[in-house]
Amino acid sequence: ILFDTIFTAVHVGYNSLTPELTPDYDERSSLNGYRMVFSIAGTLGAIILATVLGWFITDQGLLFGVVESSFYLSRLAYWQGSVEHSAEICQQTRADLAPLLARTGFDLPALGCLDVAEGCVLLEKDRLEEASQLLRGGLQRMGWGMHPGYLLIGHLALFRLYEIQGRAAEASASLDALDEIWPDIQFCTRGLRLQSALRNER
């Protein structure tokens with residue numbers, strides 16, 4: 001909730017600033033181009049920093065922080081419509097951390113959240129089988145002890161995937177799992193079940 005609140009507070013102003021700066025379409029396009037260049041440069045800088053830190057980090061908690069930061073950067077790129085960039089962040093972080101994890105012997109279930117984030121990208125691109133493998137694998141890797149927000153994203157993506165494939169029983173099972181993980185959002189899962197039922201009646 002804190003992340004979403006801060007994200008909204010920053011991005012409402014951030015995204016609405018360019019129309020206030022100039023009424024000219026070409027100038028707004030140019031300003032947005034500069035904005036995206038610095039946005040991508042910041043993301044790449046974060047990935048490079050994560051790589052450099054990885055050479056020195058021997059604490060599992062810090063590794064978790066690197067993974068979590070990469071997850072949110074990936075989701076931010078996804079929300080901005082840069083789905084390819086979103087997937088690249090996940091792939092690069094996994095590749096950067098692989099040698100370190102092999103050297104330290106750490107088991108890092110949090111890496112499953114990167115599988116979920118990349119699975120959402122593949123779902124968006126209609127690569128359903130690959131998306132299914134990553135989403136189910138990511139959820140299995142994280143287990144039940146992770147932050148429910150990661151599990152929420154994974155199970156909702158699986159629900160959508162199963163709906164697309166016409167697998168009603170598995171779609172319902174995804175919502176059942178979500179109800180068990182996070183009972184407070186049953187109003188959301190009830191709405192999704194109703195929406196699915198109405199769609200199937202057509």
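**Notebook: helix α5 and its neighbours**

I began with the pair α5 and α7, and noted that α5 passes α7 in a left-handed crossing (the near helix is turned anticlockwise from the far one by less than a right angle; clockwise would be right-handed). The model is a predicted one, in which local features need pLDDT of at least 70 and side-chain atom pairs count only at pLDDT 80 or more, while totals for chains, interfaces and linings use all residues. I number residues from 1 along each chain as its sequence is written, and side-chain values use heavy atoms, with hydrogens and water left out.

I then looked up the geometry: the axes of α5 (residues 112-124) and α7 (residues 148-165) come within 10 Å and cross at roughly 30 degrees, where axes are lines fitted to C-alpha atoms over the stretch in contact and angles run from 0 to 180 degrees between N-to-C directions. That makes α5 roughly parallel to α7 (angles under 35 degrees count as roughly parallel, over 145 as roughly antiparallel, 65 to 115 as roughly perpendicular and the rest as oblique). On the α5 side I listed Cys113, Val116, Cys120, Leu123 and Glu124 as making the contact, with heavy atoms within 4.5 Å as the criterion; the α7 residues include Tyr150, Ile153, Gly154 and Arg160. By class, I recorded nine nonpolar, one polar and two charged residues in the contact of α5 with α7.

Next I turned to α6 (residues 128-142), whose axis comes within 7 Å of that of α5 and crosses it at roughly 160 degrees; α5 and α6 are therefore roughly antiparallel to each other. This crossing, too, I noted as left-handed. Among the residues making the contact are Cys113, Val116 and Cys120 of α5, and Leu128, Leu134 and Met142 of α6. I recorded 11 nonpolar, three polar and four charged residues for the contact of α5 with α6.

I also checked the cysteines, taking a disulfide as a pair of cysteine sulfur atoms within 2.5 Å, and the count came to zero. The sulfur of Cys113 lies 7.9 Å from the closest cysteine sulfur, in Cys90, which is too far for a bond. Cys120 is in no disulfide either, with the sulfur of Cys90 the nearest at 9.1 Å. Cys113 is buried at a relative accessible area of 1% (buried means under 20%, exposed over 50%, partly exposed in between, with a 1.4 Å probe and protein chains only), and Cys120 is buried at 5%.

Lastly, for the chain, I noted nine helices and zero strands, and buried residues make up 36% of its 202 residues.

Conventions. Helix = DSSP H or I, 4+ residues; strand = E, 2+ residues; numbered from the N terminus. Nonpolar A, V, L, I, M, F, W, Y, C, P; charged D, E, K, R; others polar.
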